[in-house]
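Dear colleague,

I am passing on the structure we spoke of, and below it I have set down what was found in it. Please read the notes with the coordinates open beside you.

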Amino acid sequence: MSGLRLVDFSQLDPATAAQLERVATAGETLARLLDTALKQLSPASALPGNEPVPLLAVLRNLERRWSGHARERSMSLRLDIAADLPTVLHLDAGALDRLLANLLSNAFKYADWGEVVLTVDMRSGEELRFRVRDQGPGFSDSALARLFERGGRPGGQTQPGSGLGLHIAKEVATRLGGQLQVSNAREGGAEVSLLLPRPAWAWQPSSEADLASPSAPPPLPDLSGLRALVAEDNPTNQLLFTQMLDHLGASWKLAPDGAEALRLLSGGGFDFALVDIDMPELTGTEVIARTRALKGETRLIPILAVTAFVLQEHREGIYAAGADGILAKPVGSLAAFGQAIATLMLRTRGTAPEQMEPEPERPGHGHGADGEAVDYCPERLEKLLAISGNDGGHEFLTRLHADLCRCRISLASASVVGNADEIRAQTHVIISLSGAVGALPLQDLANLANAAAHRSEAPESQARTLAEIDKRLGSLIAAIAAEKANRFSEGAAPQEPAE
């Protein structure tokens with residue numbers, strides 16, 4: 001599979017490209033089957049929950065895998081996809097893929113001519129329906145009577161088979177929480193539908209508290225229409241990143257070393273780039289720095305550095321080279337991967353996939369004593385005040401408030417006159433102060449502005465980021481002032497910080 005990922009399909013004739021694409025998708029399906037089997041052999045406590053699955057990615061993979069098969073049999077495959085489908089399903093992706101592949105396989109096998117149509121739509125009550133319809137002879141009365149029995153296929157058939165396929169498909173459908181319906185279409189041909197009620201495909205919190213819990217699945221972005229450069233020399237990571245991009249709907253081009261990455265980036269045509277820092281020929285840091293030195297729009301491409309080295313000294317060097325963000329290895333999940341790219345696009349291009357806006361709360365958001373949402377972490381502030389004590393706590397809040405006010409004024413002045421050095425200096429301070437109190441969104445924005453200033457990007461090109469920093473600084477300053485007033489104002493009873 002790693003070798004197939006390196007193939008440039010645009011250089012092949014259509015027939016060969018179609019065959020290799022089928023081999024690639026079949027290999028990935030086999031890998032998922034093996035992975036599922038290994039999980040089933042593991043202790044129940046080790047089994048992970050269902051990860052969010054992009055529905056369109058599942059359907060695209062099926063179309064890619066079966067279109068070539070249809071052409072070989074002088075048949076055709078058509079997907080009829082409704083516009084109101086859920087973007088993400090929360091179920092066993094491997095089981096769904098196996099079931100639909102089974103239904104398509106039967107349709108091509110027994111119809112033997114004409115068109116096979118896979119229709120996906122929503123029925124009343126938010127029931128998701130996958131319907132496979134062919135133009136073959138349909139089911140005989142004896143076949144309909146014994147449909148889901150093991151070995152229930154009646155005798156006298158010209159096509160080989162035992163009828164085990166529908167028996168297995170029904171078991172898988174039941175495991176998914178759905179059901180199969182089988183009939184003959186009025187216009188002729190067989191029609192098999194998988195019906196999944198909402199509880200089978202939607203994430204179901206067990207309580208209201210689960211909605212805000214860390215276990216609540218984050219949304220997945222739809223990256224359809226975006227083209228990525230993946231600069232990575234490790235075959236395993238190449239496969240991981242490109243498969244994740246496939247799932248999220250993005251197209252991609254692979255660069256196995258730094259020199260090739262720079263050559264491809266120089267040619268343009270990419271919406272964003274994932275750049276490994278430790279690569280042969282040129283390091284990722286060198287690739288990023290040289291890309292930022294290019295002329296034209298190419299130098300402004302959003303770049304997400306991918307690295308296992310996430311200590312502050314490494315982060316500063318990566319941002320100084322011109323990276324817009326850092327994704328830490330190992331990448332833990334598809335959700336984290338998609339979130340990182342969506343955040344990258346939002347902050348550098350001002351737009352992000354619809355599912356990611358507004359950005360979900362992360363640690364660093366909380367609620368103050370009055371129940372209002374705040375843009376910092378109250379628990380982290382409590383710990384700092386507990387360490388300082390009453391007298392030290394008052395001084396800490398006073399200094400923090402003064403430093404934030406000074407940074408805001410200086411940054412605003414530097415933004416007006418376009419002083420990149422001063423922007424860099426003030427955002428460096430903001431990174432430290434916001435990190436201390438857990439204002440992580442503000443810290444992220446300051447990191448971006450700091451990196452842009454390091455690469456001498458024109459202040460007007462980062463006006464959106466600087467305006468958002470000013471807005472969040474104003475909110476944080478007001479919140480710190482309120483904390484100080486509530487805790488240490490004249491006449492107020494001394495308030496011991498909670499341990």
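The protein contains 16 helices and 14 strands, and please bear in mind throughout that this is a predicted model. Of its 499 residues, 45% count as buried. When contacts between residues at least 6 apart in sequence are taken together, 64% of them join residues at least 24 apart.

I would begin with the open sheet, in which five strands follow the order S2-S4-S5-S7-S6 with mixed pairing. Its edge strands are S2 (76-81) and S6 (179-184), each of which pairs on one side only, and the twist from one strand to the next averages 15°. Within this sheet, S4 (residues 115-123) and S5 (residues 127-133) pair in the antiparallel sense over seven bridges, and Arg-123 stands opposite Glu-127 in S5.

Two helices can then be placed relative to these strands. Helix H3 (residues 55-72) packs on the sheet, where it touches S2, S4 and S5, and its direction makes about 165° with that of S2. Helix H4 (residues 93-111), for its part, lies across S2, S4, S5, S6 and strand S7 (190-196), and runs at about 25° to S5.

The other region I would ask you to look at is the pair formed by H9 and H10. In general, two packed helices are described by the angle between their axes and the distance between the axes. Here the axes of H9 (residues 258-266) and H10 (residues 284-292) come within 9 Å and cross at roughly 20°; because angles under 35 degrees count as roughly parallel, H9 is roughly parallel to H10. The crossing of H9 and H10 is right-handed.

Is Gly-268 buried, partly exposed or exposed? Its relative accessible area is 23%, so Gly-268 is partly exposed. The C-alpha atom of Gly-268 is separated by 5.7 Å from that of Thr-298, although the two residues are 30 residues apart along the chain.

Note on methods
Residues numbered from 1 in each chain as written. Predicted model: local features only at pLDDT ≥ 70, side-chain atom pairs only at ≥ 80, totals over all residues. Heavy atoms only, no water. Axes fitted to C-alpha atoms, helices over the stretch in contact; angles between N-to-C directions. Helix = DSSP H or I, 4+ residues; strand = E, 2+ residues; numbered from the N terminus. Parallel < 35°, antiparallel > 145°, perpendicular 65-115°, else oblique. Left-handed = near helix turned anticlockwise from the far one by under 90°. Buried < 20%, exposed > 50% of the residue type's maximum accessible area, 1.4 Å probe, protein only. Pairing = 2+ DSSP bridges. Contact = heavy atoms within 4.5 Å.
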